[in-house]
Amino acid sequence: MLSGFRQFILRGNVVDMAVGVVIGAAFATVVTAFTKDLLTPLIAAILGKPDFSAISFTIHGSLFPIVDFINAAISFLLFAAAVYFFVVTPINALVSRMRKAAAPADPTTKKCPECLSEIPVDARRCSHCSQPVVTARAA
């Protein structure tokens, strides 16, 4: 039972996935910091408020600070765009390049002009009707 677990853990795709999760978490932190520290002040400057955290609205006495939602939405969009353009697109290109169909093989048979049976390309007589078959000679 332990040897099966060891084989599962040491398979390449499990280790690759673990590395991807760690790198993804680190990248998410970078994107969140970029959004919070650079994009949020830029949006605050465009809206004319010095403190972006002051952007909120009130309905029936309830305060709705929309800063965290905007930061999370922008972080999600940036993270999704980065994953799509730097992971999904290159992988799809690689997979499509590897899946190209091989060139069709040269035919090994041809049809007899008399009985229309399949015969080998190099045959000079049909094995079904014994008629001579003219072979096209390469120039």
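The legends below describe close-up views of one predicted protein model.

Residue numbers start from 1 along each chain as its sequence is written, and side-chain values use heavy atoms, with hydrogens and water left out. Because the model is predicted, local features need pLDDT of at least 70 and side-chain atom pairs count only at pLDDT 80 or more, while totals for chains, interfaces and linings use all residues.

**View 1. The chain as a whole.** The protein chain has three helices and four strands. Helices (H or I, at least four residues) and strands (E, at least two) are DSSP runs, numbered from the N terminus. Their order from the N terminus is α-α-β-β-α-β-β. Of the 139 residues, 14% count as buried. Buried means under 20% relative accessible area, exposed means over 50%, and partly exposed lies in between (1.4 Å probe, protein chains only). The accessible surface is about 11400 Å², and carbon and sulfur atoms hold 68% of that surface. These areas come from the Shrake-Rupley method with a 1.4 Å probe; for residues, only the protein chains shown count as cover.

**View 2. Serine 75 in helix α3.** Helix α3 spans residues 67-98 and contains serine 75. Serine 75 counts as buried because its relative accessibility is 9%. Leaving out residues up to four places away in sequence, serine 75 touches Val31, Thr32 and Thr35. Contact means heavy atoms within 4.5 Å.

**View 3. The largest nonpolar core.** Five residues form this core: Cys112, Ile119, Ala123, Cys126 and Val133. A nonpolar core is a set of buried Ala, Val, Leu, Ile, Met, Phe, Trp, Tyr and Cys residues joined through side-chain atoms within 4.5 Å. Beyond its neighbours within four places in sequence, valine 133 contacts Lys110, Pro113, Ile119, Ala123, Arg124, Arg125 and Cys126.

**View 4. Aromatic pairs.** The whole structure holds three aromatic pairs. Phenylalanine 57 and phenylalanine 64 are stacked, because their ring centres lie 5.0 Å apart and their planes meet at 10°. Rings of Phe, Tyr and Trp (its six-membered ring) pair if their centres lie within 6.5 Å; planes under 30 degrees apart count as stacked, over 60 as edge-to-face and the rest as tilted. Phenylalanine 57 is partly exposed at 37% relative accessible area, and phenylalanine 64 is partly exposed at 36%.

**View 5. Tyrosine 84 and phenylalanine 85.** These two rings form an edge-to-face pair, 5.0 Å centre to centre, with 80° between the planes. Tyrosine 84 is partly exposed, with a relative accessible area of 44%. Phenylalanine 85 counts as exposed, at 53% relative accessibility.
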